[in-house]
Amino acid sequence: MWMGPPQPVCGGPFLDDRQSLTEVFMRRSIYHRSVPYLFLLPFIAFFFVFMAYPIVFSLMLCFGKYKSASFTFTGIGNFSFVLSDPLFFKALFNTFLMMVIQVPVQTALALILASLLNVKKLKGKGIMRMVVFMPVLLDAVSYSIVFGMFFNYENGIVNNVIRLLGGDGLQWLNLGWLAKTVLIIAITWRWTGYNTVIMLSGLQNIPEDLYEAASIDGAGRIRQFFAITVPGLKQVLIFAVILSVNGMLQLFTEPYLLTGGGPVNETLTIVQYLYKKGFKSFDFGVASAGSYILVLIIAALTFLQIKVTKEDKGR
Amino acid sequence: MKTKRNGFAYGILLVSCAVALFPFLWSAFAATHTNTQIYQIQWALRPGTRLLSNLKDLTASFPLGRNMFSSLFIALVYTLGILLIDSMAGFAFAKYEFKGKGFLFALCLMAMFIPTQVTLIPLFIEMTAFHMIDTYWSVILPGFASIFGVFLMRQNFMAFPGELMESARIDGAGDFRIFARIVIPTMKPALASLGILSFVNQWGNFMWPLITLNTKEKYTMPLVLSLMVQPGYVTNYGSVMAGAMLALLPVLVFFLLFQKNFIDGMLCGAVKG
């Protein structure tokens with residue numbers, strides 16, 4: 001039984017040097033000192049083997065060639081290869097184009113849905129919130145296949161409806177911009193509800209009397225939306241945008257299954273490019289260099305977005 | 001005036017709900033269709049008669065029972081492991097002072113900003129060296145290095161009153177006992193959130209299993225579905241949809257049973273894909 005002085009922080013090095021002079025206390029002290037490390041041990045072991053080491057390893061791979069377990073240093077060759085590969089820039093362009101369209105559309109839709117779901121005295125809010133959230137339940141592979149079938153040229157349901165209305169079916173998956181549109185529609189379907197629920201939780205923090213005061217002053221709902229809801233949600237909005245931007249930059253499953261990156265690489269994304277280099281042509285060096293370029297892009301964008309919020313807060 | 005405005009809100013919300021639900025309903029009905037019916041608009045949202053034969057088709061090309069088992073085994077072992085490992089680590093970071101704490105914490109924080117794509121190739125090389133390629137462990141183990149859950153649990157442990165632990169210690173309880181008997185039982189909501197998030201993420205995990213698994217029997221459900229629609233195969237889409245519905249089932253059941261915890265869990269993650 002240990003009867004030392006109570007400490008503000010539990011556990012840890014309990015005994016000071018004077019007490020640890022006796023042998024019993026010494027053993028106890030060593031035990032107590034090791035307690036936090038014992039708690040950490042499983043995680044830290046996995047962290048070093050499957051995270052820290054791989055991160056450093058792939059940094060090394062960036063600067064060389066790795067073939068049958070032997071490594072030869074090649075300097076910045078991999079980077080200059082990636083940065084002069086038109087396919088990489090195509091993937092970069094595709095990813096960014098889809099991102100700059102998808103993220104604002106999805107954020108706006110989610111914002112509208114969230115503020116509608118926040119209307120007071122609206123019956124069935126709970127169930128509607130649940131239904132709107134449901135698309136994320138379907139796994140990425142299943143919904144990609146389903147949307148692929150919806151947009152099939154010959155007999156997908158979308159073209160069938162268009163033909164029923166007297167139009168001509170569109171070559172959804174055979175034209176670059178239409179294929180991108182299909183991906184944007186599919187991703188927006190899956191993630192809008194999720195973002196709606198994030199924003200709903202942010203809306204709970206906007207005090208109700210702000211709206212009451214505004215409506216006494218004669219501000220309509222649209223006016224209230226732009227004067228109270230949007231500024232009040234700023235932090236949550238930026239958070240949601242960061243998430244969506246990162247998700248779009250790491251897009252893989254949807255183009256892999258829905259469009260196969262086609263037609264003619266029109267929907268090839270950065271991560272698909274990395275996957276092809278790494279696991280189709282087994283060019284580990286080039287894929288690693290590309291993945292670190294992706295790290296820099298994500299870091300720069302996240303930094304930018306955080307900075308935008310910080311600056312605003314200071315005002 | 002007020003009701004008219006609410007009518008407008010209802011209109012938009014109901015349309016959104018319909019859009020959200022349509023692909024679910026459509027694929028559930030599609031699972032009962034023939035390959036011709038599935039593409040005919042008059043059959044959309046109408047039950048067909050082929051559910052059983054579609055399922056049979058599915059089991060003819062894949063050992064579906066094994067695949068469901070693979071998916072469940074990987075997702076469950078991963079989830080239980082994450083709960084244990086991350087709550088222990090989170091506890092250490094929240095409630096102890098020790099040498100190297102600041103360093104380790106900063107290291108974890110930095111690693112959190114590195115996207116998973118960076119580690120894929122080294123992990124693949126490591127797994128090959130460990131002779132773990134094409135095993136369940138190759139899918140499960142790397143996930144244990146994920147930092148998110150540690151931060152989440154740490155956040156929750158910080159709120160746990162230190163006096164409670166102190167008095168238990170005076171009563172002679174050891175640290176591990178305090179952790180297991182006193183602290184963990186109060187963490188059920190956080191554990192539920194982390195557990196649901198981990199399960200759903202691992203259940204839908206696609207890219208990494210695609211890289212490491214290469215035996216039919218070990219494939220998880222997303223892999224099975226993705227292989228069935230590869231170009232060159234004559235695909236019976238009805239049976240693909242039947243498979244998709246099977247893959248949806250556990251997640252849907254979880255969602256309907258624990259709706260609030262489920263949504264909280266998915267939000268606490270806010271990690272896509």
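**First stop: a loop residue in chain A**

Select A:Asn265, which is partly exposed, with a relative accessible area of 25%; here buried means under 20% relative accessible area, exposed means over 50%, and partly exposed lies in between, using a 1.4 Å probe and protein chains only. This is a predicted model, in which local features need pLDDT of at least 70 and side-chain atom pairs count only at pLDDT 80 or more, while totals for chains, interfaces and linings use all residues. Residues are numbered from 1 along each chain as its sequence is written, chains are lettered from A and ligands numbered from 1 in the order in which they are written, and side-chain values use heavy atoms, with hydrogens and water left out.

A:Asn265 sits in the loop between α11 (253-259) and α12 of chain A, where helices (H or I, at least four residues) and strands (E, at least two) are DSSP runs numbered from the N terminus. Look at the backbone here, for A:Asn265 has a positive phi of about 65° although it is not a glycine. Most residues other than glycine have a negative phi.

For a second case, move to B:His131 in the loop between α5 and α6 (136-140) of chain B. B:His131 also has a positive phi, of about 55°, and is not a glycine; at 71% relative accessibility, B:His131 counts as exposed.

**The two chains as a whole**

Colour by chain and then by secondary structure. Chain A has 13 helices and 2 strands, whereas chain B comes to 14 helices and 0 strands. Of the 315 residues in chain A, 53% are buried, and of the 273 residues of chain B, 56% count as buried. In chain A, residues 24 or more positions apart account for 63% of the contacts with a separation of 6 or more, a contact being heavy atoms within 4.5 Å; in chain B, the corresponding share is 73%. The C-alpha atoms of chain B fill a box of roughly 70 × 70 × 35 Å, taken along the principal axes.

**The hairpin of chain A**

Next, select residues 64-67 of chain A, which form strand β1, and then residues 70-73, which form strand β2. The two strands run antiparallel and are joined by 4 bridges, where pairing requires that DSSP finds at least two bridges between the strands. In β2(A), A:Phe71 is the bridge partner of A:Tyr66, and A:Ser70 is that of A:Lys67. The hairpin has 2 residues between its strands, and A:Ser68 takes a positive phi near 35° there.

**The nonpolar core**

Show the side chains of A:Phe43, A:Phe133, A:Met199, B:Trp26, B:Phe157, B:Met241 and B:Phe262, which have the most contacts inside the largest nonpolar core, a set of 197 residues. Such a core consists of buried Ala, Val, Leu, Ile, Met, Phe, Trp, Tyr and Cys residues joined through side-chain atoms within 4.5 Å.

Centre on A:Met199: leaving aside neighbours within four places in sequence, its contacts include A:Thr107, A:Leu111, A:Leu233 and A:Leu237.

Then select B:Met266 in helix α14 (residues 259-269) of chain B, which counts as buried at 7% relative accessibility. Not counting residues up to four places away in sequence, B:Met266 touches A:Phe133, A:Val136, A:Tyr194, B:Leu197 and B:Val200. B:Met266 and B:Leu197 are 69 residues apart in sequence, yet their C-alpha atoms are 5.3 Å apart in space.

**A loop contact to chain B**

Move to A:Asn152, in the loop between α5 (140-150) and α6 (157-164) of chain A. Beyond its neighbours within four places in sequence, A:Asn152 is in contact with A:Asn159 and B:Tyr39.
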